[in-house]
Amino acid sequence: MAVFDCDTIVVGGGIAGLGAAMTLKKKGQTVRLLESRGYLGGAMLTVPDQGYLLEFGPNSLMASADEPLMAWIRETGLEGRILPASPEGRNRFILRDGKLLPLPCSVVSFLRSPLLSWKGKIRLMREWGVPPRTDGGEESLGHFVRRRLGDEALLYLADPFVKGVYASDPDLLSVGAAFPVLRELERRHGGLFRGAVARLIKKRKSSPSLVPSGLFSFPGGMGEMVSAFESYMGDDAGVNAEVIKWTMLEEEGFQVGLMYDDQEYYMTSRNLILATSAPDAGEILRAFLEGPSGELESIPYAPLAICYAGFSREKVAHRLDGFGILCPTVENRKILGVIFSSSLFPERSPDGKVLLTVFVGGMTAQKLAHAFDEDLERIVLGELKDLLGTVGKPDFFRIQRWERAIPQYVLGHGERIRSIRSGLPPRLRLAGNYLEGVSVAKTFASGVKAAEEILAL
Ligand SMILES: Cc1cc2nc3c(=O)[nH]c(=O)nc-3n(C[C@H](O)[C@H](O)[C@H](O)COP(=O)(O)OP(=O)(O)OC[C@H]3O[C@@H](n4cnc5c(N)ncnc54)[C@H](O)[C@@H]3O)c2cc1C
């Protein structure tokens with residue numbers, strides 16, 4: 001029988017790779033988690049700078065009590081460190097006709113809100129009577145929302161929401177792949193309102209959960225979760241280790257070639273999990289699996305530039321009493337939105353200062369994500385002045401760029417993923433945010449799923 005260096009090699013130390021590696025380790029497998037950067041966590045990176053706590057990736061997360069991530073938060077002793085977002089975080093502002101309007105969160109506030117015209121509100125409420133689509137064909141989110149809720153709901157509700165989650169355009173995304181819940185509500189219950197009511201009744205009947213159901217982070221930011229997971233992995237995780245090649249061994253296992261400290265090393269394992277971005281997985285697979293490799297490389301990603309602006313409190317006119325603002329495409333702004341980071345969680349900025357996190361670029365403004373630093377700063381400060389009434393220069397300004405920030409679940413995505421998976425050898429699995437959803441919780445779950453499939457072999 002073949003002897004391998006370990007049972008499973010996991011490539012990529014983001015949240016997906018951590019989910020896979022921790023699951024395997026807990027079940028008694030020998031695992032090596034290999035990460036090319038000098039730190040674990042991937043996009044989940046918290047950086048302290050001049051008294052500000054910057055989230056380079058996710059600002060917060062949401063997970064229901066039964067999701068694997070919550071089990072691991074408990075397992076690694078983090079439950080007591082959970083920091084729910086401030087109650088104000090429920091307020092979100094949407095820009096309409098240059099004004100910031102609170103997103104209505106009750107029927108009464110919806111009826112009173114100027115966010116949609118009366119015509120738009122009546123069209124949205126007529127959703128009850130819109131028959132479900134039965135042909136089973138694929139549909140863009142834009143088409144789905146237009147069909148069920150009307151044009152105005154698309155422009156001022158769906159579009160900004162899609163910008164906030166996918167940095168994208170509703171007409172680009174597949175509703176079935178990007179928002180499977182919406183399609184499911186229509187299929188099962190005949191519509192979104194009918195489905196929402198059915199879900200509400202079901203939720204009331206189930207026992208209440210002790211775990212917060214809203215947004216949360218940790219006092220030290222999202223990086224605190226990465227540190228806890230890193231401790232769990234101990235010496236089984238290695239950084240600065242870039243996997244550059246692999247081969248399949250005759251005995252069914254894998255040999256992986258990696259660069260560490262400018263030297264090439266080889267390791268063997270019975271199983272292999274690639275938990276990188278789709279194009280990185282495609283590059284690793286290219287030499288032996290051309291089909292899946294090409295399909296992985298063709299998954300589009302939205303680029304983002306994230307700007308952090310720290311102001312003295314009195315230099316911002318807006319009350320910053322909320323999560324932040326989203327700018328619908330029709331409003332023609334140069335930014336996608338702003339998170340009021342220091343309102344959402346305490347100790348994100350020095351005393352007397354506020355921290356604003358501004359998102360630029362995405363699928364609808366890719367060029368802006370690549371603008372020169374000085375242009376980006378000028379654009380962002382101009383928008384903040386217009387939208388939030390900031391005065392003068394900020395005390396602090398920093399930019400972080402992600403070329404592949406968010407994978408796009410475009411039309412055909414589901415079929416593409418099925419085709420990629422069917423072309424892989426049985427002991428090779430994929431994990432990452434392009435598979436089961438882009439959120440931290442769903443990405444983590446993709447790693448757990450890959451590990452469970454390996455364990456079931
Ligand atoms: C700016 C931003 C804001 C976000 N905000 C939120 C939010 O508020 N809430 C939320 O739930 N989600 C949010 N997300 C989404 C979520 O954070 C990501 O989807 C998730 O963290 C991605 O995890 P991952 O493991 O799939 O990929 P990554 O984090 O990209 O990890 C992949 C890792 O693989 C490594 N790698 C690549 N190639 C190799 C190789 N050859 N050898 C070894 N290692 C390799 C990379 O270095 C990387 O560390 C946000 C994302 C971004 C970018």
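Helices and strands here are DSSP runs: at least four residues of H or I for a helix, at least two of E for a strand. On that count, the protein has 17 helices and 18 strands. Its radius of gyration is 23 Å, close to the 23 Å from the globule rule for 457 residues, so the protein is as compact as a globular protein of that length. Keep in mind that this is a predicted model.

Overall dimensions next. The C-alpha trace spans about 70 × 55 × 45 Å along its principal axes. Of the 457 residues, 46% are buried. Now contacts with a separation of 6 or more: 71% of them join residues 24 or more positions apart.

On to domains. The assignment gives three pieces. Domain 1 is 6-44 + 65-84 + 219-299 + 409-455. Domain 2 is 117-205, and domain 3 is 301-407. The centres of domain 1 and domain 3 are 31 Å apart, over C-alpha atoms. Their contact uses 11 residues from domain 1 and 6 residues from domain 3. What is the side of domain 1 that touches domain 3 made of? It has 9 nonpolar residues, 2 polar and no charged.

Last, the ligand. There are 37 residues around it, and G12, G14, G42, P58 and N433 come nearest. By class, that shell holds 18 nonpolar, 15 polar and 4 charged residues. Several elements supply at least two residues each: the helices α1 (15-26), α11 (278-285) and α17 (440-455), and the strands β10 (241-248), β13 (301-312) and β17 (396-407).

Notes:
Residues are numbered from 1 along each chain as its sequence is written. This is a predicted model: local features need pLDDT of at least 70, side-chain atom pairs count only at pLDDT 80 or more; totals for chains, interfaces and linings use all residues. The radius of gyration is taken over C-alpha atoms; the globule rule is 2.2 Å times the number of residues to the power 0.38. A residue is buried if 20 or more other C-beta atoms lie within 10 Å of its own, exposed if 12 or fewer, and partly exposed in between; C-beta atoms are placed from the backbone. Two residues are in contact if their C-beta atoms, placed from the backbone, lie within 7 Å. Domain bounds come from an automatic or database domain assignment. Ala, Val, Leu, Ile, Met, Phe, Trp, Tyr, Cys and Pro count as nonpolar, Asp, Glu, Lys and Arg as charged, and the others, Gly among them, as polar. A residue is near a molecule or strand if its C-beta atom, placed from the backbone, lies within 6 Å of it.
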